[in-house]
Amino acid sequence: MKIAVLPGDGIGPEIVKQAVKVLKFFDLEKSLDYAAIGGAGYEEFKDPLPKSTLELALKADAILLGAVGDWKYDKLPRDMRPERGLLRIRQSLNLFANLRPAIMFSELIHASSLKAEVVSDLDILIIRELTGDIYFGEPRGIVTNKKNEREGFNTMRYSESEIKRIAHVAFRTALKRSKKLCSVDKANVLESTELWREIIIQTGKEYPEVELSHMYVDNAAMQLVKNPKQFDVIVTGNIFGDILSDQASMLTGSIGMLPSASLDANNKGMYEPSHGSAPDIAGQDKANPLATILSVAMMFKYTFNDQDKFNLIENAVRGVLNRGFRTEDIYSNGTNLIGCEEMGDKVIERLEV
Ligand code: NAD
């Protein structure tokens, strides 16, 4: 088993260090190889995805990533910016299926900005297509038009095969959960998502046990806030998934709690928290490492097929929350404020019992 560890920038190294404690707890120390990505890659190799990092990731069975980005890189040419490294690694490894659960831990119900009854026991999974759509579509650019005015443009496009492969992931995942799948598109306005809907329906014929529904993205955004528990598995394209999964994450209180998995066709995966590099709190021992630790749980579930370790880690996180320990982002009166490092240690203590 080979795990590439890419801490990245900002709070990345701090939160990854805590997740690595969990990997070491399960005796995987010898499986770990570290490499630089994002701003860290640029600093060391003048490349946000250095060749050596990509080679390591290609050889690995799974990748653990912290986060990339810092405002200080905003003036760099686009190809040199940290976020570009992330897009390139997802594309190079063909990680087309991004799984982002939004689970309400009952202990954190008051951290949600929604009423407790709307979000209690919430457990939804957003499956976002990750390597297509307007983020990758060509042509793209900024040109000067005939009126001598600058014009920015991008291209939203999906091929049948791209839609089909994410559809299979979504239907198979729905089969393992409540057998309900909602596909989100904007088929009334955008041709690329008209095709999306057609292919989703066609693929659905292979999964008659799954109840398939469709929703326009604007309505989905509204329903996620109004009545999120109507959803179980949602499948959608790259840009809609980007926005809806951030929105869903907030239902549960803090982005610091939400893991993610990005998988290829063979369940090789890159595991990372849903949040960014949080430069505002980097190096202050304030970051919540639980999303990264829960990403390791997902690594066991999806790449290593080890549901037991997934359960052990998730239960350890619940145990820590249950005992009232909180990082600043999820802190409320009457709970016990601790830092990133101590939160990692508390999870290990719960794993040990
Ligand atoms: P962000 O997610 O980094 O931070 C948003 C807010 O949430 C901040 O107030 C931050 O302090 C807080 N936060 C985030 N993670 C937290 C954690 N684990 N514990 C406690 N608080 C946490 O988003 P941003 O501020 O918009 O972006 C900062 C940088 O991160 C940018 O350079 C952006 O491009 C990059 N980014 C990277 C990724 C990624 O690596 N996958 C994703 C999103 C943004």
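Trainee: By class, what residues are in the shell around the ligand?

Mentor: The shell has nine nonpolar, six polar and five charged residues. Here Ala, Val, Leu, Ile, Met, Phe, Trp, Tyr, Cys and Pro count as nonpolar, Asp, Glu, Lys and Arg as charged, and the others, Gly among them, as polar. Keep in mind that this is a predicted model: local features need pLDDT of at least 70, side-chain atom pairs count only at pLDDT 80 or more, and totals for chains, interfaces and linings use all residues. Residues are numbered from 1 along each chain as its sequence is written, and side-chain values use heavy atoms, with hydrogens and water left out.

Trainee: Okay. And which residues are the closest to the ligand?

Mentor: Val68, Glu83, Gly276, Ala278 and Asn288 are the closest of the 20 residues that surround the ligand. To be near, a residue needs one of its heavy atoms within 4 Å of the molecule.

Trainee: Which side chains have an N or O atom by a ligand oxygen?

Mentor: Asp280 has a side-chain N or O atom 2.9 Å from a ligand oxygen, and for Ser277 the distance to a ligand oxygen is 3.1 Å. There's also Glu272, with a side-chain N or O atom 3.4 Å from a ligand nitrogen. A polar contact is a pair of N or O atoms within 3.5 Å; within protein, one must be able to donate a hydrogen and the other to accept it, and residues adjacent in sequence count only if both atoms are side-chain atoms.

Trainee: How much of the ligand does the protein bury?

Mentor: The protein buries 70% of the 810 Å² that the ligand exposes when taken alone. Accessible areas come from the Shrake-Rupley method with a 1.4 Å probe, and for residues only the protein chains shown count as cover.

Trainee: Switching to helix 10. Is it mostly covered or uncovered?

Mentor: Mostly covered, with 12 of the 13 residues of helix 10 buried. Among them are Leu290, Ile293, Val296, Phe300 and Tyr302. Buried means under 20% relative accessible area, exposed over 50%, and partly exposed in between (1.4 Å probe, protein chains only). Helices (H or I, at least four residues) and strands (E, at least two) are DSSP runs, numbered from the N terminus.

Trainee: What span should helix 10 have, and how far apart are its end C-alpha atoms?

Mentor: Helix 10 covers residues 290–302, so at 1.5 Å a residue it should span 18 Å, and its end C-alpha atoms are 18 Å apart, which agrees. The expected span is 1.5 Å times one less than the number of residues.

Trainee: Now the rings. How many aromatic pairs are there in the whole structure?

Mentor: A search finds six. Tyr158 and Trp196 form a tilted one, 5.3 Å centre to centre with 50 degrees between the planes. Rings of Phe, Tyr and Trp (its six-membered ring) pair if their centres lie within 6.5 Å; planes under 30 degrees apart count as stacked, over 60 as edge-to-face and the rest as tilted.

Trainee: Where do Tyr158 and Trp196 lie?

Mentor: Tyr158 is in the loop between strand 7 and helix 6, and Trp196 is in helix 7, so the pair ties together parts 38 residues apart in sequence. Both Tyr158 and Trp196 are buried.

Trainee: What about Phe171 and Tyr207?

Mentor: Their ring centres are 5.0 Å apart and the planes are at 5 degrees, so that pair is stacked. Phe171 lies in helix 6 and Tyr207 in the loop between helix 7 and strand 9, so the pair ties together parts 36 residues apart in sequence. Phe171 and Tyr207 are both buried. Elsewhere, Phe25, Phe26, Phe300 and Phe304 form one aromatic cluster.

Trainee: Last topic, backbone. Which peptide bond is cis?

Mentor: The one from Glu138 to Pro139, with omega near 0 degrees. Pro139 sits in the loop between strand 5 and strand 6.

Trainee: And what's the phi of Asp27?

Mentor: Near 60 degrees, a positive value in a residue other than glycine. Asp27 is in the loop between helix 1 and strand 2, and at 70% relative accessibility Asp27 counts as exposed. Asn148 also has a positive phi, about 60 degrees, although it is not a glycine. Asn148 lies in the loop between strand 6 and strand 7 and is exposed, with a relative accessible area of 66%.
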